[in-house]
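Please look over the sequence and the structure before reading on.

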Amino acid sequence: MDARLKSFLLLNACQCFDGRAVEALAQRGIKPEDLLGAPALLKALGASESSMSAWSDLQRDGWAEREWEKCLKLKVDVVCFGDGRYPKGLLDLSSPPLLLYLWGASPLDDGGVAGVGTRKPSTYGLRIAKELGRELAAAGFVVVSGGAYGIDCAAQEAALEADGSSIAVLGTGVDCVYPSSNRRLFERLKESGLLVSEYPLSSQARPWRFPKRNRIIAGVSRSVVVVEAPQRSGAMITARIAMEIGRDLWAVPGRVDEEVCRGSNLLIFDGAQPLIDIPAFCSLLGGDVIFEDESQMRELSAEEKLVYSMLKERGERTVDNIASEAKMGAADAMLALGMLTAKGLVASSGPGRWSAIR
């Protein structure tokens with residue numbers, strides 16, 4: 001273990017520092033490893049007396065060396081802020097994690113799709129979560145979630161059953177199974193996916209750790225889907241962070257008289273895109289979806305082919321964009337979009353915007 005990794009492990013164990021702290025040090029010309037020989041430099045970070053005391057105790061006790069030995073024994077990897085393997089999407093967060101513990105077979109990037117929701121879903125919510133996980137996996141996407149009861153584990157188990165991959169961002173150490181009933185899921189994730197945590201090994205479940213980890217779920221995902229969520233829930237925290245950092249946010253419409261759907265329905269009211277067709281959603285993301293009727297393309301009118309080709313090559317557009325770039329009237333563009341939608345070739349990708357789905 002080199003000095004840099006040791007310093008990151010110690011800083012992270014103090015639980016008061018994040019990636020921005022490392023940036024603040026760099027602005028002063030200080031490297032994290034410089035702290036090992038001069039703990040007073042922690043004051044440059046505005047560290048409290050308790051944090052400085054914890055740092056000194058951990059260093060004197062040889063905690064970092066023992067932690068790294070455990071990681072090597074378990075084959076747990078550690079990625080630090082600033083490393084080339086650190087997911088770029090986490091840099092969008094106001095408080096990016098200082099480091100991540102990784103246990104599993106899959107690499108960690110920021111191209112996954114998060115499927116999150118309540119721990120107490122309806123039968124309908126469970127069915128949709130499973131279909132979402134299965135279709136995302138079939139389309140080649142990694143399913144990201146929190147490994148919790150309900151929607152989380154339903155989506156992740158379905159992804160694995162479809163021979164896909166999944167990432168679970170935990171509110172404990174990666175070597176802790178919480179909830180205990182998910183032990184089989186966690187073992188499968190280590191074999192075909194990845195367990196991720198910013199917390200040191202053996203960190204037990206604490207109420208405050210789970211809301212904090214939700215920012216990582218949003219950060220490593222390109223899109224976030226909320227299946228079912230009460231108004232006050234961890235899934236809603238993930239959704240709010242996703243909106244703040246510019247991730248595409250989708251929500252599954254639910255019954256207006258059910259509390260379990262109130263939060264997810266409110267997200268749609270606030271501008272989240274309603275997820276009403278899972279295969280079409282996967283297609284919009286650019287997944288590896290195979291379509292059966294290729295003869296359909298030969299039956300398009302000249303205007304339909306022009307609009308479809310534009311959306312296929314240039315990405316989502318508004319009606320005005322389409323009319324201007326295709327040099328046609330807005331009414332003709334709308335007619336072509338209507339026909340293409342009926343034929344299952346395009347779909348609305350947001351208020352007033354359209355995308356090709358094949």
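Is Gln156 buried or exposed? In this predicted model, Gln156 is buried, because its relative accessible area is 0%, against a cut-off of under 20% for buried residues. The points below are grouped by topic.

**Gln156**
- Gln156 is part of helix 6.

**Helix 5 and helix 6**
- Helix 5 spans residues 123–138 and helix 6 spans residues 151–161.
- Their axes come within 7 Å and cross at roughly 35 degrees, and the crossing is right-handed.
- On the helix 5 side, the contact involves Gly125, Leu126, Ala129, Lys130, Gly133, Arg134 and Ala137.
- On the helix 6 side, Ile151, Ala154, Ala155, Ala158 and Ala159 take part.
- The residues of this contact comprise 8 nonpolar, 2 polar and 2 charged.

**Cysteines**
- The whole structure contains 0 disulfides.
- Cys71 has its closest cysteine sulfur in Cys80, at 10 Å, so the two are too far apart for a bond, which requires sulfur atoms within 2.5 Å.
- Cys71 is buried, with a relative accessible area of 1%.
- Cys261 is likewise in no disulfide; the nearest cysteine sulfur, in Cys153, is 17 Å away.
- Cys261 is buried, and its relative accessible area is 3%.

Methods: Residues numbered from 1 in each chain as written. Predicted model: local features only at pLDDT ≥ 70, side-chain atom pairs only at ≥ 80, totals over all residues. Heavy atoms only, no water. Axes fitted to C-alpha atoms, helices over the stretch in contact; angles between N-to-C directions. Helix = DSSP H or I, 4+ residues; strand = E, 2+ residues; numbered from the N terminus. Left-handed = near helix turned anticlockwise from the far one by under 90°. Contact = heavy atoms within 4.5 Å. Nonpolar A, V, L, I, M, F, W, Y, C, P; charged D, E, K, R; others polar. Buried < 20%, exposed > 50% of the residue type's maximum accessible area, 1.4 Å probe, protein only.
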